[in-house]
Amino acid sequence: MISSALILCAISLDSSGASDVGLANASITAAGNKADLRDKIPLNELGQEISAPPAAISISAEDVAWDAGGAIKISWQPAAGTTSATKWIVERAAGQGAGQGPWTFVAEVPIAETNAVASKLSPDASFFFRVTAVSPNGSSAVTTTKSAATGYWNFFIGAKLPLFCAILLVSACVIYFILAARRGRPMKVRRIAALEAITDAVGRATEMGRSILFVPGIQDMDNIQTVAGLTVLGNVSRTAAEYDAAIEVPTSRSLVMEAAREAVQASYLAAGRADAYNADAIRYITDEQFGFVAYVSGRMVREKPAACFYMGCFFAESLILAETGNSIGAIQIAGTAESSQLPFFVAACDYTLIGEEFMAASAYLSGEPDQIGSLKGQDVAKAIAAIIIIIGIVLATGAAIAPQGAMPAALEWLKGVLGS
Amino acid sequence: MAEGSARIMKRLVPMWIAIIAGFVMLLSAFFPMTESWGETVGDVFNVVAAIAFVLGAGSLAKVNLAKISRRDQGWGYAAITLICFAITLVVGLGKFGVPQSTQFPLLGWSGEKDADGSIFGWIYEYALVPITSTMFALLAFYVASAAFRAFRAKNLEAILLLSTAFIVLLGRTFAGVVLTGWLPDWASGLRLENLSVYIMQVFNTAGNRAIIIGIALGVTATSLRILLGVDRSWMGSGD
């Protein structure tokens with residue numbers, strides 16, 4: 001009788017979800033005496049008993065459409081009225097267990113939100129989900145899905161559709177202009193000073209009787225910047241072979257060393273100087289970032305190369321290398337697509353290929369119409385991007401001036417299309 | 001005949017491997033059914049890179065041994081390099097001092113090579129990390145010397161750069177807050193800390209995004225040139 005009174009008291013303190021609280025405490029009532037119950041029901045600063053938060057009324061789970069099958073969206077309906085709960089805890093259990101567990105943590109969600117996405121699940125596997133409201137006073141009863149939900153494989157990942165369309169558009173522009181170049185359409189490319197300076201730098205090294213240092217970044221062959229760096233290496237080494245200048249290529253990846261050797265050897269062959277090719281000049285140092293920097297910096301100080309090229313993917317070592325090269329008076333040409341490292345190269349090098357210039361280097365140096373055409377296609381894609389940006393600026397400005405008009409809706413639509 | 005087969009092996013085979021692997025990676029990013037293909041290509045790359053490491057180690061040993069045998073200047077450092085390389089390799093492969101894995105207690109050598117108590121882990125923790133940290137710390141001095149050169153007021157652009165850098169740097173210190181804290185609320189936008197945020201969020205972000213868009217387009221075009229076999233210079237020759 002006393003126990004029942006306590007339960008009713010606890011329920012009365014909470015204006016909502018009374019039945020859930022009653023159920024949650026029912027086991028406590030059955031389990032022990034008054035003293036036990038007082039230990040389990042929390043009290044506020046006035047010594048009044050406080051109930052645990054109300055449980056969610058219902059919960060459902062459904063497959064996330066157009067994904068790789070590894071995600072299920074869970075939605076629940078909270079109990080009406082105010083609650084002292086601060087967050088929801090979402091858990092899952094394999095479908096074979098008929099919702100009996102074992103339960104695995106999925107997500108912790110702020111109390112104001114009523115859905116969560118369980119990701120990285122095995123495709124085509126079924127799961128039960130349950131949600132619990134948690135407050136400083138305790139946890140609510142659990143609310144479990146009635147049936148197991150399954151995340152199915154889909155043919156295409158819908159969230160990536162804008163990116164897919166953008167790639168198709170850029171590719172179409174590039175291919176169109178490659179074909180146009182093949183048909184003989186003249187293509188004009190602006191002069192890139194850094195690439196024009198390659199011959200001067202190699203010539204200077206030859207005149208001074210010193211070597212050329214080429215660093216193709218610190219990443220492996222699966223990085224497009226390394227590949228772009230090696231295409232420039234082919235051109236630099238060919239010029240070096242023609243001028244009879246020594247070139248040295250320290251690498252931080254074994255695979256890059258092998259690819260660089262192929263590139264340099266082919267250049268020496270093309271220049272008719274196969275006998276001058278020295279495979280040991282292209283050497284592996286270490287994968288360790290700062291170990292590599294220590295070697296290259298030390299080598300620069302000791303050997304004092306007349307020209308230093310940094311072409312590839314660089315991180316913190318960019319400034320150490322470029323400043324060391326600057327201190328020995330070498331002519332320095334850098335190229336990278338790491339935007340965070342560009343300021344360092346700009347500050348310390350004579351010439352810097354900024355982002356897309358670096359990517360265009362291979363096409364520029366080859367002079368082949370096919371490759372020059374691809375640059376033209378890239379420019380058209382850039383113009384399309386600029387138009388979209390201008391439209392976005394106009395819509396955002398209009399939405400700020402007239403929040404009730406059609407502009408905000410148009411802006412939201414554009415954001416949705418662009419996947420932001 | 002031999003020249004033809006060499007051309008096939010050194011030019012056509014790598015080119016087609018790159019083209020097929022590139023398209024598989026591209027498709028696996030959008031079509032779930034090809035996701036495992038992309039993972040397979042990634043695994044193949046890792047295996048090839050691991051095999052290539054032997055070539056790298058061979059190159060390292062060859063170059064340093066040659067330096068020692070010729071008694072070149074600084075040959076002692078080459079000897080230290082090789083000794084350290086050998087020690088690290090032996091204790092790493094031999095898993096010296098590695099405790100047995102609790103997950104696979106019956107299997108020999110089942111512990112992680114860099115687990116607590118292992119010699120390899122000790123070398124990493126107490127030799128490599130301090131040495132690399134020292135190199136990284138040098139960056140502070142290089143930043144100072146590069147900034148000194150970059151911020152010299154030689155022309156109008158350099159003066160603008162210097163002024164902007166001055167505002168941003170000062171705005172991120174307590175001195176900046178104190179210096180312009182007296183400005184009234186209606187002019188709070190001119191306080192150094194607010195100007196600093198404005199410059200970084202508006203001018204810097206706009207310029208940075210322009211560069212990033214250019215890079216993204218450049219990467220797409222470069223990838224396409226390689227995937228279509230238009231650019232073969234990464235193999236050393238366009239022939």
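Predicted model: local features only at pLDDT ≥ 70, side-chain atom pairs only at ≥ 80, totals over all residues.

Visitor: How many helices and strands does chain A have?

Guide: Helices (H or I, at least four residues) and strands (E, at least two) are DSSP runs, numbered from the N terminus. Chain A has 13 helices and 15 strands. Chain B has eight helices and zero strands, in the order α-α-α-α-α-α-α-α from the N terminus on.

Visitor: Why is chain B described as more spread out than a compact globule?

Guide: The radius of gyration is taken over C-alpha atoms, and the globule rule is 2.2 Å times the number of residues to the power 0.38. For the 239 residues of chain B the rule gives 18 Å, and the radius of gyration is 28 Å, well over that value, so chain B is more spread out than a compact globule. Along the principal axes, its C-alpha atoms fill a box of roughly 75 × 50 × 50 Å.

Visitor: Into which domains is each chain divided?

Guide: Domain bounds come from an automatic or database domain assignment. Chain A is divided into domain 1 (2–40), domain 2 (58–150), domain 3 (159–181 + 370–418) and domain 4 (187–367). The centres of domain 2 and domain 3 of chain A, taken over C-alpha atoms, are separated by 38 Å. Chain B is divided into domain 1 (1–92), domain 2 (94–137) and domain 3 (141–235). Between the centres of domain 2 and domain 3 of chain B the separation is 41 Å.

Visitor: What share of each chain is buried?

Guide: A residue is buried if 20 or more other C-beta atoms, placed from the backbone, lie within 10 Å of its own, exposed if 12 or fewer, and partly exposed in between. Buried residues make up 45% of the 420 residues in chain A, and 14% of the 239 residues of chain B.

Visitor: How many residues of each chain take part in the contact?

Guide: Two residues are in contact if their C-beta atoms, placed from the backbone, lie within 7 Å. The contact takes 65 residues from chain A and 52 residues from chain B. On the chain A side, helix 7 (residues 254–270) gives the most, with ten residues. That side divides into 36 nonpolar, 17 polar and twelve charged residues; Ala, Val, Leu, Ile, Met, Phe, Trp, Tyr, Cys and Pro count as nonpolar, Asp, Glu, Lys and Arg as charged, and the others, Gly among them, as polar.

Visitor: Which residues does Ser362(A) contact?

Guide: Ser362(A) lies in helix 11 (residues 356–366) of chain A. With 29 C-beta neighbours inside 10 Å, Ser362(A) counts as buried. Leaving aside neighbours within four places in sequence, its contacts include Ala228(A) and Thr231(A), as well as Asp231(B) and Ser233(B).

Visitor: Which residues have the most contacts inside the largest nonpolar core?

Guide: A nonpolar core is a set of buried Ala, Val, Leu, Ile, Met, Phe, Trp, Tyr and Cys residues joined through C-beta atoms within 7 Å. The largest has 96 residues, and those with the most contacts inside it are Ile212(A), Leu233(A), Ala260(A), Ala307(A), Phe309(A) and Tyr310(A). A second, separate core of 26 residues includes Ala56(A) and Leu121(A).

Visitor: Where is Trp66(A) found, and what is its phi?

Guide: Most residues other than glycine have a negative phi. Trp66(A), not a glycine, has a positive phi of about 55°. Trp66(A) is in the loop between strand 1 (58–63) and strand 2 (72–77) of chain A, and is partly exposed, with 14 other C-beta atoms within 10 Å.

Note on methods: Residues numbered from 1 in each chain as written. Chains lettered and ligands numbered in written order.
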